[in-house]
Amino acid sequence: MKNFLLSLGAASLAAGLPSSRQAAERAPSLSLSNVTKIDMAGGLQGRRLAGPFMGVDFPDPSIIWGDGSWKAYATSSNGVKIPVATSADTWSWSLTGNDALPDPGSWVDPNDQGIWAPDVQKNDDGVYVMYYTAHQNGGSHCIGAATSSSALGPFAPQSQPLICDGGNGGVIDASGYDDGTDRWIVWKVDGNSLGGATTCQGGTPSGAYRSTPIKIQRMARDALTLLDAPKTILDNEGASNDGVVEAPALYRVPGGDFVLFYSAHCYSSDDYDVEYAFSSTIDGSYTNRGILIRSVDNKGVYGPGGLDIDPNGQNVVFHGRLNPGQGGASRELYSAELTISGRSVSGV
């Protein structure tokens, strides 16, 4: 098995750190280790530097411990709406035949049943709650919610979408977080779907970059009821990230700041990456941005993105392609480790 290390030292983080010594000392350094492609077709193997490598499509993965094993969920692929993989240790995965969401709901366009970026939480009553993105019948993409007594599903959808924002391009990529007191949901407003200067759209780039804000909203302990009003916590930076930020996931460094992981650039580009930013409050402005992982020559992962982190802050999953310049190719499942101690986040 061949693993490889991606680490971010002080020098490489300098551009993303705050200018003051106090803030710089406060912001942790993040890195990944044991980044390994998961081959669910033939067991765990490291990818040889000379490709290709046989695997399965498993884009936009999310991870949860449930019913005695790890579960990973992905965007529609492998002949089902929401595929599920299981693991005892997050390193050796088996693709099940389950469709976790065979019925996405009556509100979903019957002619567009592709489901994106599922995320599963377990609420205080022991019910599994899935957030997912689907195309609303007669509208744009919305975020739906579904529930199940089993982590494998099937999940039963609610009768109406949870969040919509058609006037600003729709909403995608929902992720839940429990801070121990409140539950929260974060998502992306899909402004680039309306066009603008970004290359990540259905038309010809023109004009200015559109806003693609990451928003957050407090939820009740049932993980289904929205409370208060949404707030914007991050947005794209225009040309420097092609006017796109998406796929948010939250974690709090024990005793320290909140970390927002997200992807930037266009998902089909080799520039697609996993980045991070910090805030002292969960619904504050996230700053001190840095890059966690991006396409690296001779390392065998291109366009990495869609990172999710387990509640313990140790295991992450994300997707990546096997070869450069193949934006339409399969996005396969990778796993990596984070070690977090106090305000320090580093690779094992």
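**Exercise 1. Sort the lining of the largest cavity by class: how many residues are nonpolar, polar and charged?**

Step 1. Know the classes. Ala, Val, Leu, Ile, Met, Phe, Trp, Tyr, Cys and Pro count as nonpolar; Asp, Glu, Lys and Arg count as charged; the others, Gly among them, are polar.

Step 2. Count. The lining has 8 nonpolar, 3 polar and 4 charged residues.

Step 3. Know the source. The model is predicted: local features need pLDDT of at least 70, side-chain atom pairs count only at pLDDT 80 or more, and totals for chains, interfaces and linings use all residues. Residues are numbered from 1 along each chain as its sequence is written, and side-chain values use heavy atoms, with hydrogens and water left out.

**Exercise 2. Describe the largest cavity: what is its volume, and which residues lie nearest its centre?**

Step 1. Define it. On a 1 Å grid over the protein atoms alone, a cavity is a set of points where a 1.4 Å probe fits but cannot get out; lining residues have an atom within 4 Å of a point. Points are joined across faces, edges and corners, and the volume is the space filled by probe spheres set on them.

Step 2. Give the volume. The structure holds 2 cavities of 30 Å³ or more. The largest has about 140 Å³.

Step 3. Name the lining. Its 15 residues include Pro-61, Ala-117, Ala-174, Ala-247 and Pro-248, which lie nearest the centre.

Step 4. Find the strands (DSSP runs of E, at least two residues, numbered from the N terminus). S7 (116–122), S11 (171–178), S15 (245–252) and S19 (302–309) each supply at least two lining residues.

**Exercise 3. Lys-188 and Asp-190 form a salt bridge. Is Lys-188 buried or exposed?**

Step 1. Set the limits. Buried means under 20% relative accessible area, exposed over 50%, partly exposed in between (1.4 Å probe, protein chains only).

Step 2. Read the pair. The N to O distance is 2.8 Å. Lys-188 is buried, at 0%. Asp-190 is buried too, at 8%.

Step 3. Look for a network. Salt bridges that share partners join Asp-124, Asp-178, Arg-183 and Arg-221 into one network.

Key
1 Å grid on protein atoms, 1.4 Å probe; cavity = no way out; pocket = protein on both sides within 12 Å on 5 of 7 lines; lining within 4 Å. Helix = DSSP H or I, 4+ residues; strand = E, 2+ residues; numbered from the N terminus. Salt bridge = Lys/Arg side-chain N within 4 Å of Asp/Glu carboxyl O.
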